Amino acid sequence: MQHSTIAAIATAPGAGGIAIVRLSGPESYEVAAKVFRPANPAKKVADAKGYTAMFGAFVEGEEAFDEGVALFFRAPHSYTGEDVVELSCHGGSAVARRLVEACIAAGASPAAPGEYTRRAFLNGKLSLTQAEAVMDIISADGRQGAALANASLNGALARKIAAQKDALTALQAHLAAWVDFPEEDVPELSQSHLCEVLGGVEQELDALIQSYDAGAVLREGVDCAIVGKPNAGKSTLLNLLAGFDRAIVTPVAGTTRDVVEQAVQLGDVRLNLFDTAGLRQTEDEIEAEGIRRSWKKLDEAGLILAVFDGSERPTREDLELAQRCAGRPAIALVNKEDKPTRFDTELIAPYFAMVLPVCCQEEGARKVIAAAVARLLGTNQIDPHAASLSGQRQLSAATRARDAVAGALDAAQGLGLDAVSVCVDDALDALCELTGENASEAVINEVFERFCVGK
């Protein structure tokens, strides 16, 4: 348990109906008693039972500056595992800040970013993967991403990893007994059982790793470059996906000369859209710089929507763009389906995962594009209630564990059980680091660096 009592605003900044100031630590009730005066004089903060509430006034010295509700939680039955008091005042930064200042004057210390969740982890209320899920669920924009984060918060990933650890631990115990105590006549593991267990663990870990990219897209979104020749319909597409006129659309070629950015929610995926300058040969220095930036965005993007004018024959610029998209997560949108088609899609089809005829002026195209994006990025295959990896730290640990198990399988084919045992040890170490059971202080600090104050 921590020795200090911390205070911070736990709600988002800005005006609102209420703001919550959270106290956590051994002196939470003492600090709350100095800043909160119950409306019923017969009630005392010090006597408040857990999971109860009181109405009253917030005070600084003898001056009452607001009224609201205090919620009480007794250790260990709280979010952090410590005594916790949550003070709900009227929303607005001035009142909430004054309440925090009053708490600090009464003996509390300002909370560091992520300190409440860090204490929950250190006090055994959350695993490290659950702690990471807290930030994921706070930052989730789409329902599927929030569902994935909630599954991790409820322990789906922790349970999945625990099952693989149990399988490896049982295997390691048998290996250790056979190697270290030969006089006890411990039966040797059969080759088939050894490979069955190791193969099963490898398969489970590999499935988690393979689904990482799609899960990351649901949680974090993806940068999406809209590219194509001038007047192919890029800005019209941006406006369609955004749901309003974000970009200027004119018949004049070269209207877009810089990168226009807009975040949109497309189905379950958040796209960070970048509408780029039309790709063509030009002597205009400003337009040329815009085109250079267009190619740069194409190279950096996690998703490419390449727009082609379906009413015109393919040009050299169209073929160059298609070739630049080869091997990338790219969808070709052959626009202006409402006009006679002159574009030969077979010329560009080898370079794209999908080629879709669309009309970017029609609302129905949005649904078609959303379904195609979900298929390409694999988000339509994700079970939002299943275990999933979140962040490079978890991915790295799972990959090391998977590779160690693969090494154990290779060793089982002829290097001997000692070599198998070493590889299984490495796999268990990696899994324990993933769950936080043997995570270093540096790893723990890295996890909580991305938290905000009050969480």
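**Note on the predicted model**

1. C103 is buried, with a relative accessible area of 0%. A disulfide would need the two sulfur atoms within 2.5 Å.

2. C359 is also in no disulfide. Its nearest cysteine sulfur is that of C360, at 7.0 Å. C359 counts as buried because its relative accessibility is 5%, and the limit for buried is under 20%. The count of disulfides comes to zero.

3. Next, the sheet. Seven strands form an open sheet with mixed pairing. The order is β3-β4-β5-β6-β2-β1-β7. β3 (36-38) and β7 (109-110) are the edge strands, and each pairs on one side only.

4. Which sense of pairing joins β4 and β5? Strand β4 (residues 52-60) and strand β5 (residues 63-73) are antiparallel, over nine bridges. M54 stands opposite A70 in β5. F55 has V69 in β5 as its bridge partner. The β4 and β5 hairpin has two residues between the strands. There, G61 takes a positive phi near 70°.

5. β5 also pairs with β6, again in the antiparallel sense, over five bridges. Here F72 has V85 in β6 as its bridge partner. In general, strands of a sheet pair through backbone hydrogen bonds, either parallel or antiparallel.

6. Helix α3 (residues 115-122) lies across β1 (6-9), β2 and β7. α3 runs at about 135° to β1.

7. Now the nonpolar cores. The largest has 37 residues. Within this core, L168, L198, L389 and V420 touch the most other members. The elements giving two or more residues to the core are α6 (156-180), α7 (191-210), α8 (212-220), α13 (391-411) and α14 (417-435). A second, separate core has 34 residues, including V217, L241, L305 and I369. In soluble globular proteins, nonpolar side chains tend to be buried together.

8. What does L389 touch, not counting residues up to four places away in sequence? The list is L157, L208, I209, Y212, R219, Q394, L395, A398 and L434. R219 and Q394 are among them.

9. S388 is found in the loop between α12 (364-377) and α13. Is S388 buried or exposed? S388 counts as buried because its relative accessibility is 5%. Its side chain makes a polar contact of 3.1 Å with the side chain of R219. Leaving aside neighbours within four places in sequence, S388 is in contact with L148, S152, L157, L208, R219 and Q394.

10. G155 follows α5 and has a positive phi, near 95°.

Notes:
Residues numbered from 1 in each chain as written. Predicted model: local features only at pLDDT ≥ 70, side-chain atom pairs only at ≥ 80, totals over all residues. Heavy atoms only, no water. Core = buried A, V, L, I, M, F, W, Y, C linked by side-chain atoms within 4.5 Å. Buried < 20%, exposed > 50% of the residue type's maximum accessible area, 1.4 Å probe, protein only. Helix = DSSP H or I, 4+ residues; strand = E, 2+ residues; numbered from the N terminus. Contact = heavy atoms within 4.5 Å. Pairing = 2+ DSSP bridges. Axes fitted to C-alpha atoms, helices over the stretch in contact; angles between N-to-C directions. Polar contact = N/O pair within 3.5 Å; in protein donor to acceptor, adjacent residues only side chain to side chain.
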